[in-house]
Amino acid sequence: MRELQAGLWHWQAPHPEWTPGERWPQEVSSYAIDDGARLLLFDPLSVPDELLELAADREPVVVLTAPWHERDTQSLVERLGVPVYAPPPDTAEDLMHKFGITAEQAGDGSPDLVWLRAGDAGEWHPYAAGDRLPFGIQAFPGREHNDMVLWVEDRNTVMCGDTLVDFGDGLEINGWLRAGVTREQVVEGLRPLLALPVEVVLPAHGAPTDRAALERALS
């Protein structure tokens, strides 16, 4: 674990569902921010013990940039009783459009966060692009309606989800886009970030980087 700023941490862990041949590296990134009252855990996987100890003196909150980034969220809800802020999972119609599958194959939609959506396992706060979360975070549209890019105002920081990734060639727009979505459309939705005082850029896939990398990715 590395402290990037006072109260802003980054760590990496091997993704449990990774298999050889994936185009993304096995190690994925998670982040935490301590604002003095809350401990915000972003896309958490294998949270370090030091942060779990700190959570006892804070109000811990899980923030997911995408519903499929639930990772260790269920165990954190069970252990700490944390509320979860996450975009809504794909519906059956979403899955049909995204993967070209049949209604029968799509079933009831994505299994992401199904345990949380049941309503008796934890506290779920769905959010979408354009929303402002109650702890000073603004959601920007990503490559999918539920793949968010987050602006953390008091940290001058961007959390990238799966929209901006570094698979070994530097920060860039994720090349996997569903039919009908272009890179130019994604860039247009994120261009307002360049009007903000961005200093730190934090991808879920890749290492922390800076404004210059964001500018190159959106050029």
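The structure is a predicted model, in which local features need a pLDDT of at least 70, side-chain atom pairs count only at pLDDT 80 or more, and totals for chains, interfaces and linings use all residues. Residues are numbered from 1 along each chain as its sequence is written, and side-chain values use heavy atoms, with hydrogens and water left out.

The predictor's confidence in each residue is given as pLDDT, from 0 to 100. The protein chain averages a pLDDT of 92. A score of at least 70 is reached by 100% of the residues. Confidence is lowest in helix 4 (residues 103-106), with a mean of 73. It is highest in strand 14 (residues 200-202), at 98. Where pLDDT is low, the predicted coordinates should not be read in detail.

Helices (H or I, at least four residues) and strands (E, at least two) are DSSP runs, numbered from the N terminus. Burial is judged by relative accessible area: buried means under 20%, exposed over 50%, and partly exposed in between (1.4 Å probe, protein chains only).

Helix 6 spans residues 183-190. Its buried residues are Val186, Val187 and Leu190. Seen down the helix axis, the buried residues of helix 6 fall within an arc of 100°, so they line one face. The arc is that of the directions from the helix axis to the C-beta atoms. Glu184 and Glu188 are exposed, on the face turned away from the buried side. The buried residues of helix 6 pack against strand 9 (137-144), strand 10 (147-152), strand 12 (164-165) and strand 13 (172-173). Contact here means heavy atoms within 4.5 Å.

Thr73 belongs to helix 2 (residues 73-80). Thr73 is buried, at a relative accessible area of 0%. Not counting residues up to four places away in sequence, Thr73 touches Pro44, Val62, Leu64, Val84 and Trp115. The side chain of Thr73 also reaches the backbone oxygen of Glu70, at 2.5 Å. This is a polar contact (a pair of N or O atoms within 3.5 Å; within protein, one must be able to donate a hydrogen and the other to accept it, and residues adjacent in sequence count only if both atoms are side-chain atoms).

Ser46 lies between strand 4 (38-42) and helix 1 (49-55). Ser46 is partly exposed, with a relative accessible area of 41%. Asn156 is buried, with a relative accessible area of 19%.
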